[in-house]
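The following dialogue takes up the reading of a structural model, one feature at a time. Each reply sets out the general idea and then the case at hand.

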Amino acid sequence: IISFSEKPKALLTASSFKEEAKIKRAINDLKPSGKTDGNAGVRLAYKVADANYIRGGNNRIILATDGEFALSDETRQLIQKFSKEDVFLSVFNFGKGAGSSKALEQLAGMGKGNYNFISKENVDLKLIREAKAKKKK
């Protein structure tokens, strides 16, 4: 789990879904603060994913955001590079509403991942599906 409000930092790295209490603690520690640095957050996420890569595993970054942010060409190239190396980027949009973010949908497509709008009604189902997701054809 990478927090990217202000300066990005890793709150939790390389954890199994079996470590439920540890994951919940890290999620509960997330607090919005300051300006979003999406580029630095995405770069750090790929650095952590690369360091913990599992051959044949489900190597996936899940970007959870409440809104869009600008990404540099350099960051977009990084996403495309890693998608070819089986590290996928999926996006969970906790923002304004389903269909409100074409840019986030395109980002997930670029990362060969999935895009999901998250609401109170579907959060559990979407998280479970993404955890079990395989490479998009």
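Q: Is Ile1 buried, partly exposed or exposed?
A: Buried means under 20% relative accessible area, exposed means over 50%, and partly exposed lies in between (1.4 Å probe, protein chains only). Ile1 has a relative accessible area of 30%, so Ile1 is partly exposed. Ile1 is placed in the segment before strand E1 (2–3); helices (H or I, at least four residues) and strands (E, at least two) are DSSP runs, numbered from the N terminus. This is a predicted model, in which local features need pLDDT of at least 70 and side-chain atom pairs count only at pLDDT 80 or more, while totals for chains, interfaces and linings use all residues. Residues are numbered from 1 along each chain as its sequence is written, and side-chain values use heavy atoms, with hydrogens and water left out.

Q: Which residues form a nonpolar patch on the surface with Ile1?
A: Patches are made of residues with over 30% relative accessible area and no salt bridge; like charges are joined within 9 Å, and nonpolar side chains (Val, Leu, Ile, Met, Phe, Trp, Tyr) within 5 Å. Here the patch consists of Ile1, Leu11, Ile27 and Leu30, which together have about 280 Å² of accessible area. Such areas come from the Shrake-Rupley method with a 1.4 Å probe, and for residues only the protein chains shown count as cover.

Q: What is Ser3 in contact with, leaving aside its neighbours within four places in sequence?
A: Contact means heavy atoms within 4.5 Å. With those neighbours left aside, Ser3 is in contact with Pro8, Lys9, Leu11 and Leu30. Ser3 lies in strand E1 and counts as buried because its relative accessibility is 11%.

Q: How are the buried residues of helix H3 arranged around its axis?
A: An α-helix has 3.6 residues a turn, so residues three or four places apart point the same way. In H3 (residues 73–83), Thr75, Ile79, Phe82 and Ser83 are buried. Seen down the axis, they fall within an arc of 105 degrees and therefore line one face of the helix; the arc is that of the directions from the helix axis to the C-beta atoms. Asp73, Glu74 and Gln77 are exposed on the other side of H3. The buried residues pack against helix H2 (38–51), strand E4 (88–93), helix H4 (102–110) and strand E5 (112–117).

Q: Which residues of H4 are buried?
A: Leu104, Leu107, Ala108 and Met110 are buried in H4. They cover an arc of only 160 degrees around the axis, which puts them on the same side of H4. Lys102 and Gln106 are exposed on the other side. The buried residues of H4 pack against E3, H3, E4 and E5.

Q: How many salt bridges does the count come to?
A: Side chains of opposite charge can pair when their charged atoms come close. A salt bridge is a side-chain nitrogen of Lys or Arg within 4 Å of a carboxyl oxygen of Asp or Glu, and by this rule the count comes to four. Among them, Glu20 and Lys24 meet at 2.9 Å, N to O. Both lie in helix H1 (residues 20–28), four residues apart, about one turn of the helix. Another joins Glu19 to Lys22, with the closest N and O atoms 3.4 Å apart. In the bridge of Lys81 with Glu85, the closest N and O atoms are 3.9 Å apart.

Q: What is the phi of Asp86?
A: Most residues other than glycine have a negative phi, and most peptide bonds are trans. Asp86 is not a glycine, yet its phi is positive, about 65 degrees. Asp86 is placed in the loop between H3 and E4. Lys112, which is likewise not a glycine, has a positive phi of about 55 degrees and lies in strand E5.
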